[in-house]
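Here's a walk through the ligand and metal sites of a predicted model. Have a look at the structure first, then read on.

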Amino acid sequence: FKRINDSMGHLIGDRLLQKIANRLNQSIRSSDTIARLGGDEFTVILDDINRPEDAALLAEKLLHKISSKLVIDGHEMFVSCSVGISLFPLHGDDNQTLIKYADIAMYQAKEEGKNCYRFYNQDMSDQNEARLQLETELRHAVSDGEISAYYQPKVCIKTKKIVGFEALARWYHTDSGFISPAVFIPLAEEIGLVGKIDLAILEQACKEGKRWAQQGHNMKIAVNISGNDFNHPDFLSMVRRALEQSDIDPQYLELEITEGVLIGFGQAQLDLMRQLVALGVSLAIDDFGTGYSSLSYLKKLPVQTLKIDRSFIKSLDHDRKDQVLVAAIINMAHSLGLTVVAEGVEELSQLTFLEANLCDMSQGYLCSPPIPADQAFELLVRTNATCECTSDSETSAEIT
Ligand code: C2E
Ligand code: MG
Ligand code: MG
């Protein structure tokens with residue numbers, strides 16, 4: 001609904017709601033009640049049912065009715081819905097509680113793939129409460145500056161030198177220990193907090209990069225950028241400010257954007273990418289191969305680096321199909337003038353394959369997991385001083 005409303009205008013959005021309301025009306029008995037409580041959420045009260053299954057039957061009927069084709073002003077469109085069901089008196093005996101629980105069940109239906117219905121149960125409330133608590137704690141952690149950057153090296157496969165790092169957000173929770181960014185980043189995206197996290201990591205990474213450069217180790221540092229940042233009007237100025245405040249040379253900053261996010265990019269986001277490049281920073285496509293995107297965007301985007309997703313690297317030593325795909329991706333990226341990084345390299349055999357296929361860089365536990373800044377710097381100094389290549393660190397940074 002939101003997409004139709006945003007792209008086709010509120011008038012069409014209103015007509016859509018009216019049509020849906022009619023469809024709901026046609027599906028219920030005259031003794032039932034239907035209301036729109038807000039936005040695109042409707043509530044149905046079935047006053048008199050014999051068994052919970054009766055509510056389920058109606059939910060199925062509604063799902064079917066709503067998902068059939070709609071035509072508004074000559075535009076064909078399809079919408080779907082998610083249904084949550086709470087029962088009186090089993091789940092509660094006042095309207096507030098019943099609506100709240102139906103809402104929780106509806107969110108569960110959304111999470112489980114949408115276009116389905118779910119009955120409320122106590123586990124959902126427990127999950128909901130746990131999520132709310134995590135959300136509050138994350139808000140505190142962000143405002144108290146408790147999200148810090150860890151750094152994982154990227155190694156030049158040819159010279160075995162460290163030629164860059166990726167800064168990864170870390171949240172240490174006093175009770176639960178480290179919470180994975182795979183958990184808190186999607187949560188932060190949902191509640192509009194990810195921009196603050198990305199900015200914090202960007203500022204830390206720029207400062208660290210400058211500190212290392214002052215000690216004679218110019219290193220390209222990459223930070224991850226959420227799709228939400230690309231819709232933030234101040235994002236460009238935020239990057240510019242981080243560069244100015246740290247005084248880092250922009251050529252040593254890279255922004256990683258996951259392939260999945262790029263698919264939804266329009267002209268405004270493409271322009272922003274070009275403006276970022278004009279600042280002197282470089283852009284990388286992260287998790288390449290997982291986003292089901294068309295390859296034609298590769299030649300359109302102003303990116304310099306392509307990172308092959310870990311899922312292709314994992315079985316590289318025995319899966320023939322992964323071998324063929326990885327070799328093809330490296331070839332294609334090189335033909336387009338892109339640098340290729342393999343993500344999640346854990347085994348020597350994987351590195352050997354990547355080396356034979358001329359992949360530029362590897363990143364993964366084989367060299368090091370993400371580690372705190374001081375340890376990362378120590379590792380950098382130690383590795384680049386002892387590796388077989390004789391070129392100095394300035395030159396190794398150039399390899400990127
Ligand atoms: P990513 O950007 O693709 O980062 C690589 C992830 O793979 C990291 O997980 C890293 O710890 C993990 N990894 C690296 N080498 C290996 C390996 O050899 N084996 C295995 N099994 N894993 C390896 P992490 O730190 O948990 O981050 C997960 C994802 O969260 C990142 O994937 C990135 O998409 C997102 N993320 C992390 N920090 C930030 C941030 O500051 N901002 C935003 N927007 N997203 C972030
Ligand atoms: Mg990344
Ligand atoms: Mg990745």
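For the metals, a donor is an N, O or S atom within 2.8 Å of the metal (3.2 Å for Na, K and Ca), and water is not among the atoms, so sites may look incomplete. By that rule, the magnesium ion (ligand 2) is coordinated by E166 (OE), N224 (OD1), E256 (OE) and D286 (OD), at 2.0 to 2.2 Å. N224 sits in strand β10 (residues 220–225) and E256 in strand β11 (residues 253–258), so this pair ties together parts that are 32 residues apart in sequence. Strands here are DSSP runs of E with at least two residues, helices are runs of H or I with at least four, and both are numbered from the N terminus. Along the chain, the donor residues of ligand 2 follow the spacing E-x57-N-x31-E-x29-D.

What bridges ligand 3 and ligand 2? D286 does, with the two magnesium ions lying 4.1 Å apart.

A word on bookkeeping: residues are numbered from 1 along each chain as its sequence is written, while chains are lettered from A and ligands numbered from 1 in the order in which they are written. As this is a predicted model, local features need pLDDT of at least 70 and side-chain atom pairs count only at pLDDT 80 or more, whereas totals for chains, interfaces and linings use all residues; side-chain values use heavy atoms, with hydrogens and water left out.

Now for ligand 1. Its polar contacts (pairs of N or O atoms within 3.5 Å) include these:

| Residue | Residue atom | Ligand 1 atom | Distance |
|---|---|---|---|
| E166 | polar side-chain atom | oxygen | 2.9 Å |
| A169 | backbone N or O | nitrogen | 3.1 Å |
| D287 | side-chain N or O | oxygen | 3.0 Å |

Taken alone, ligand 1 exposes 800 Å², of which the protein buries 84% (Shrake-Rupley areas, 1.4 Å probe). There are 22 residues around ligand 1, and D198, N224, D286, E346 and Y365 come nearest (near means a heavy atom within 4 Å). That shell divides into 8 nonpolar, 5 polar and 9 charged residues, with Gly counted as polar and Tyr as nonpolar.

Which element gives the largest share of the shell? That's β8, with 4 residues. The elements giving two or more residues are β8 (162–173), α6 (181–190), α7 (194–214) and β12 (282–288).

Note on methods: Polar contact = N/O pair within 3.5 Å; in protein donor to acceptor, adjacent residues only side chain to side chain.
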